[in-house]
Amino acid sequence: LRLSYNAFTGTAPGDLGDLTKLQLLQLQSNRITRIPNMTQLDDSKYGNSTFVTDCGVPSAFDEALECEHCTMCCNANEDCY
């Protein structure tokens with residue numbers, strides 16, 4: 001599910017965490033301030049691109065986004081690592 005660069009704001013729906021067949025979730029370059037726990041994502045198919053959010057430093061947010069299970073973080077400069 002590629003949702004990057006859509007100008008979404010606020011909290012991502014918690015129901016995303018219930019999508020058991022989801023293989024890819026890319027949320028970077030939005031203004032999403034909270035993301036659901038996505039422990040079921042398997043990075044064997046998409047590698048580092050499996051779960052991408054704006055959790056990088058420097059942050060685009062007043063308070064940095066925390067993502068325990070992200071496979072890649074993007075920052076305010078749109079650098080992803």
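**Terms and their criteria**

Trainee: Why is M72 called buried?

Mentor: Buried means under 20% relative accessible area, exposed over 50%, and partly exposed in between, with a 1.4 Å probe and protein chains only. M72 has 18% relative accessibility, so M72 counts as buried. This is a predicted model: local features need pLDDT of at least 70, side-chain atom pairs count only at pLDDT 80 or more, and totals for chains, interfaces and linings use all residues. Residues are numbered from 1 along each chain as its sequence is written, and side-chain values use heavy atoms, with hydrogens and water left out.

Trainee: What makes C55 and C73 a disulfide?

Mentor: The criterion is a pair of cysteine sulfur atoms within 2.5 Å; for C55 and C73 the S to S distance is 1.8 Å, and a disulfide therefore joins them. C55 lies in the loop between strand 4 and strand 5 and C73 in strand 5, so the pair ties together parts 18 residues apart in sequence. Strands here are DSSP runs of E with at least two residues, numbered from the N terminus.

Trainee: Why is the disulfide of C74 and C80 called right-handed?

Mentor: The torsion about its S-S bond is about 105°, so this disulfide is right-handed. For C55 and C73 the torsion is about -90°, so that disulfide is left-handed.

Trainee: How do you know that strand 2 and strand 4 pair?

Mentor: Pairing requires that DSSP find at least two bridges between two strands. Two bridges join strand 2 to strand 4, so the two are paired, and they run parallel.

Notes:
Helix = DSSP H or I, 4+ residues; strand = E, 2+ residues; numbered from the N terminus.
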